[in-house]
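Try each task before you read its solution.

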Amino acid sequence: MSLAERTREAVRANPFLFEALRAGVCNYTAAARYLDLGADDEEAVVAALRRYAADLPDYDPAGRKARV
């Protein structure tokens, strides 16, 4: 399994991280450290996260309507 595949699998196992990537509010370096995939090159995990985030559909919060 490639590093990119392991990264995608780890993100899918952490729904909060998946949603943060979709919303564009993720600190990629912190996420790479959190996932701790055992890769020697943290920057490679960061690059995999960036590529994965670019492929995800845009975040669309479920109808937040408020009446005041």
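**Exercise 1.** Work out how exposed E19 is, then find its salt-bridge partner.

Step 1: E19 has 31% relative accessibility, so it counts as partly exposed (buried is under 20% relative accessible area, exposed over 50%, partly exposed in between, with a 1.4 Å probe and protein chains only).
Step 2: R22 is the partner, with the closest N and O atoms 3.4 Å apart; a salt bridge puts a side-chain nitrogen of Lys or Arg within 4 Å of a carboxyl oxygen of Asp or Glu.

A word on the model: it's predicted, so local features need pLDDT of at least 70 and side-chain atom pairs pLDDT 80 or more, while totals for chains, interfaces and linings use all residues. Residues are numbered from 1 along each chain as its sequence is written, and side-chain values use heavy atoms, without hydrogens and water.

**Exercise 2.** Find the salt-bridge partner of R8 and say what the pair ties together.

Step 1: R8 pairs with D55, with 3.9 Å between the closest N and O atoms.
Step 2: R8 belongs to helix 1 and D55 to helix 4, so the bridge ties together parts 47 residues apart in sequence.
Step 3: R8 is partly exposed at 24%, whereas D55 is exposed at 58%.

**Exercise 3.** Track down the salt bridge of R33.

Step 1: R33 meets E42, at 3.4 Å from N to O.
Step 2: R33 is exposed, at 54%, and E42 is partly exposed, at 30%.

Methods: Helices (H or I, at least four residues) and strands (E, at least two) are DSSP runs, numbered from the N terminus.
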